[in-house]
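I opened my notebook to look up a few places in this structure. Here is what I wrote down.

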Amino acid sequence: MTKDKKDSGKINTSNLLSHNDKPEAPCKTGFAFRYQGIIEKNIQQLKILNKHIYAASDKEKFYTEVINKGPNFSYFAVFNDISVGAVCTKQIGGKIHISLIHVLPAYRKLGVGTRLIEKAAEIAESNKIKVLTINVPVSDNDIANFITKMGFEKEEVTTKDQHEDADSYVYTKSLVPSQ
Amino acid sequence: MTNVREPFATHYVQLFQSIVKFYETKNFKKALKAADEILAKYPAHSDTLAMKGLVIKATGKVEEGYNLVKEGLMNSKFSSGICWHVMGLMYRDDKNHEQAIKAYMNALRYDTQNIKIMNDLACMQMHVRDYKGLLQTRHKVLQLKPGMSGHWISYAVAQHMAGDRQKALVTIDGFISIGDLSNPYELSEVLLYKNSIIQEIGNPEGTLKHLKEIENKHRDPIYVLETRAKCELQLKRNQEAKQTYQALLQLNSENHAYHAGYQQACGLSNSTTSCNDDQIQSLLNHYDELLVQYPKSAVIKRIPLNFATGQEFKNRLDKFVRTYLSKTIPSLFSAIRSLYSDPSKVEMIQELFSSYESSLIDQGQLPNADSSQKDAPSTLLWTLTFMAHHHDKLSNHEKAMQYVNRAIEHTPTLIELYQLKAKLYKHVGAYGLAADQAELARQCDLADRHLNTKSVKYLLRADRVQEARIVFYNFAKDMEGNFNAHDMQCMWYENRLGESHLRLKKYGQALKQFHNVKDHIEEMVDDQFDFHQYSLRKLVLRSYVEMLRWEDKIKSIHFYVRAAKNAIRTYLSIIKSGDSCKETNKTAQDLLDLEENKKSQKPKKKKNEEGGEEEVLPKKPQDDFGELLMNVQDPLAQAEKFVLDLIKFANDDLQGHLLAIELYLTKRDYQNAIRSIVRARELDLENAELHYWTCRFAQEYGANKNEKDQEVVDPLMVTFMNGDLNKYNQDYIERNGKRYGAKVSVAKVMHLLEQDEQRVVSLIKDCGGASLEECLRGFEFGNEIGINLGEEMRREYPLADVFRV
C-alpha cells in the first residue's frame, strides 16, 4: 500500500460533525476511510471497541486520560462511516507512546492497522518527535508480527502494561524524516 | 371631531401628538410625562386619558391601562373615535379579537373616514374569518380611496376567500388597469394569483389560455409548468402533458408528483393492480429511457420496482440492492419497505438476501460477482441488518433479534444496530429493555440530536419520566436564554409525556400536556396575525391564500389529532375512576421532582427600557399538576370538544371515531353515536373494536331508547343489524374467527350479554399468533373479569413488561 501524501499536520476543530482530515483516497472501491478525533462525546464507542480486547473491567482512568489529551492524540479509524478501530497515544519523555491500537476482527487485513500506525507517526511529527513506542504483551504473537512489519524493533525490556497485568515487551520505531 | 372635547391650545395639540410619537418609538417615560402635563391642565380630557392608558399598559400595568381608557370613554360619553381605537388596539394586543372588532366598529361610527382603523379592522375580521364583515370593510376602503391600487387587491383577496371568485377576477382586472405595475415581481405575483383563481374555478382551458397570455410577464416558471401539466392532464391532452412533465423532470427528477403525472400522461394509472402486462412493459421501457437521461436518479431506479413482477422484479431488485450494499447506504430497508404489501415480492426479497448472506459468509463476496475481489466486511454487516429489519416487518421477532445480535457481534460500533434492537424490543412490548438500548445508542454519540430524541421517546414509553427529562434538557445547556419544552412548542415531547402520565393514572398531569398541545396550535394561528397586513402590502398573494387555508385545517396535523385522542381517553378515564383519580394524580416522587426541576430552570428576565431587568410574571395561574383541568365540572363536555374536532378534521381516522362512539354512549347521545358508527363502518367494516362498540351500543340503546332517538337511529341501524344481538355476534365470529382480536371482542360481547362464561374464557385464552396490541386487549379484558392470562401471554411475548407483573 502506498503512503499517501499527508496533510501538514494541521488538525482542526474538535467538533464531532466535521472530519478532522480530508477523507483519504479509497485504496479500493467501496472502501472509504477517514480518521475521527476522539472526544468526550464519542468516547463510548472506544469503550465498546475495547470490550473486545480487554475482558478485564474498563479502567476509567484510561478514558479520562484519553479525553484530556484530546482529539489530537487519539483517533478512531472510520471505515465506510463506522468506527472499526482506534489508536490512542500520549507523550512520555521524548517519545510518543501508543497506549492503545485496535481493529475489530471483521475488519482486519484491510490496511486499517497500517493507517493507524501512520496516524501515530503523524502525531509524532507534528510534535517534533522522532520516536514511537508501544508495549506488546509477551504472549501475543499476532500483534508482535504486525508491529514488526510496521518497522518497529523489539527492545528486550519488559514492563507491566497499564491495561493488563502481564509482562510485555517495548517496541520502538524511530521516524526517518518523511519525503 | 366631536364637541365633547374641550378646546385645545396649540401647545397642547403638539403635546398630544408628541404622546403618540413617543408611544410609537417606545419612549414610554416621555410619553407619560407629556400626558400628565396635558391632564394637569385638562384633567378630564378623554383622548389623553386613553393614550395614557395605552402607554401604561405597554409598561406592564394592564388593568390600570384598561381602566384609564374606560375612564376616557366615559368622559367622552362613548363617542370619541380615538378612545375606541385605543381600546381596540389594547384588545388586539391581548389577542382578544372579538372584543377588538367591536371596539373598532364603534370607533368607525364616530370617525367614519379613518382608513387606518378600517385596515386594522379588516385584518382582524380576516383573522376570525368574518367574511361578511371583511367584505364590507374592504369595500368601504376601496370606495373611499379608489386611487390606491393596494385597496383593489385587498378587496379582491377578500372576495376570493369569501367565495366570490368571479368577482375577484373582475376586481383584479381593475387593479391591473389602474395600478402601479412597475415592479415586475409584484406584477408577476398578481397575474399568477389571478391564474390560480381561474384554476380554482375549475376551468383548465381558461387557465391554459391565461398562462399563454402572461407568458412574458410572469417570473415563476416552475409554477407555470406545473399548472400547465395539471391542466393538460385534466383535458386529456396526453402528448402535451407528457412533454411538460418531461420538462419538469429535467428540473427535478426526484419529485414523486411529477412521476405520477408522467405515468398518467403515458396512459398508465398509478395503482399496480389495474395495469395489464403490456402496460407494465411499456412503463418499464419508459423508465429505462428516463434512467439513461438521469443515471444518478434514485427515484427513477426505485419506481420500476413498484411495477415489475416475477423474474423481472428479481433482476431489478438485485441490481438496486447491490448499489446500496456496496456503498453501505443505511436507508436500504426504508427504500424497499413499501414493497412489502405484495407477498410474492416479500418472498423474492427473502430469497435474494438469503443468497447474499450465504455467499458472503462462504466466499466473502456477493453471488455472481464480477471480480475475485472480496467485498468489504460492511457488505455482510448491512445484509445482516437488512435481514433483521425484514424479519421484524414480518413479525418474526425471534429471528429478527438473532440477526441483530449477529450484526452487533460483527461490528459493535455501528450505532444504528442498537437503535434497531431498541425498536425490536419495543415491538415485543419490552419497553424497559428498549429504553436501555436507546440509551446505549445515545451514549455512543452525545452530540447527535437524533439519538437524543429517540432516547427521550423510548424513556417516556418506558415511563422513566425524570430520566427522559434530564436527557431531553441535555441539549438545552448550550442554548442561550430560557429553554423549556413548552416555550419551544415541543409537541412530540408533550404528547408522549402526557401518554406516560395517562398510563400511570396521573390524569391531571396528562391533561395539562394535552392542553398544552392545543394551546400551541392556537398560538400558531395567532402568531400569523401580522401576515394579513404584510402579505397584501408585499403582494405575496398565492402564499398568503395558502397560509389561510393551512390555518383553516390546522387541527388536522398529527400532533393535535394524537393529543385530542389522548385527551378524550383521559377524560373518560377520569369519569370511570371517580374520586380516586385525585389521589393517583401526583405521587411523593412527583413533588420532589418538581422542586428539583424548578431549581434548574432560570426565571425569565425581561429588559425594560431603562436597561434594568424585571421578572415577567406568568400570565396564567400556575397549575403544576393539572388539577384545575382534572377537577373540571363537566369532563364529558370538555371531551366532546375534542371529539368534534376529530370528526371535523380527522374524519379518516378510525380511532377517533371509536372514541367518539365511547363518549357518546357515556353521554347517552345515541343519535351522534350511530353517526360515528356508520362512519367507522365505512372506514373498516370488520374491525374488532368497532364490533364490540356496535354491540354495546345496540344493547344500551335497546334499553334506553326514546321516540326522538328512534326516528334518527333506527333507519341507520337497520342497515347492519336486525335486532338479534346474539346472532350478530355469532355471525361476526364465523367471519373473523381466525383473528385473536375478533375473538376478544366477541368474548366481551358475550360477557355483556351474560352468556356462557366458559366459552368466554376459552375464547380469550386462545391467543396463539396474535399481535401485541391484540394481546394487550385480551389481557386487559381478562383482568376485568378476573382471569389472569399472564401465562398464555408470556408464551407469545415472553419479554413484554406488562405480562410479567
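**Entry 1: a histidine and its neighbours**

I looked up what His410(B) touches, leaving out residues up to four places away in sequence. In chain A the partners are Leu104(A), Ala106(A) and Tyr107(A). In chain B they are Pro377(B), Leu380(B) and Leu381(B). I took a contact to be heavy atoms within 4.5 Å. His410(B) belongs to helix H22 of chain B, residues 397–410. Helices are DSSP runs of H or I with at least four residues, strands are runs of E with at least two, and both are numbered from the N terminus. Is His410(B) buried or exposed? His410(B) counts as buried because its relative accessibility is 15%. The cut-offs are under 20% relative accessible area for buried, over 50% for exposed, and partly exposed in between, with a 1.4 Å probe and protein chains only.

**Entry 2: ground rules**

I noted that this is a predicted model, where local features need pLDDT of at least 70, side-chain atom pairs count only at pLDDT 80 or more, and totals for chains, interfaces and linings use all residues. Residues are numbered from 1 along each chain as its sequence is written, chains are lettered from A and ligands numbered from 1 in the order in which they are written, and side-chain values use heavy atoms, without hydrogens and water.

**Entry 3: the two chains**

I counted elements next. Chain A has 4 helices and 7 strands. Read from the N terminus, their order is β-α-α-β-β-β-α-β-α-β-β. Chain B has 44 helices and 2 strands. Its C-alpha atoms fill a box of roughly 100 × 70 × 65 Å along the principal axes.

I then checked burial. Of the 179 residues in chain A, 49% are buried. Of the 805 residues in chain B, 49% are buried.

I also checked how far apart in sequence the contacting residues are. For chain B, the share is 61% among contacts between residues at least 6 apart.

**Entry 4: a helix pair**

Two packed helices are described by the angle between their axes and the distance between the axes. I picked H9 (residues 149–162) and H11 (residues 184–201), both of chain B. Their axes come within 12 Å and cross at roughly 20 degrees. That is why H9(B) counts as roughly parallel to H11(B). Axes are lines fitted to C-alpha atoms, for helices over the stretch in contact, and angles run from 0 to 180 degrees between N-to-C directions. Under 35 degrees is roughly parallel, over 145 roughly antiparallel, 65 to 115 roughly perpendicular, and the rest oblique.

Which residues of H9(B) and H11(B) meet? From H9(B) I listed Ile153(B), Ala156(B), Val157(B) and His160(B). From H11(B) I listed Val190(B), Tyr193(B), Ile197(B) and Glu200(B). The residues of this contact are 6 nonpolar, 1 polar and 1 charged. Nonpolar covers Ala, Val, Leu, Ile, Met, Phe, Trp, Tyr, Cys and Pro; charged covers Asp, Glu, Lys and Arg; the others, Gly among them, are polar.

**Entry 5: cysteines**

Cys88(A) is buried, at 1% relative accessibility. Cys444(B) is buried too, at 0%.

Most residues other than glycine have a negative phi. Lys128(A) is not a glycine, yet has a positive phi of about 60 degrees. I placed Lys128(A) in the loop between helix H3 (112–126) and strand E5 (131–137) of chain A. Lys128(A) is exposed, at 75% relative accessibility. Glu754(B), also not a glycine, has a positive phi of about 55 degrees. Glu754(B) is in the loop between helices H41 (740–752) and H42 (757–765) of chain B. Its relative accessible area is 71%, so Glu754(B) is exposed.

**Entry 6: a glutamine**

I ended with Gln350(B), in helix H20 (residues 343–363) of chain B. Gln350(B) is partly exposed, at 26% relative accessibility. Beyond residues up to four places away in sequence, Gln350(B) touches His390(B), His391(B) and Leu394(B).
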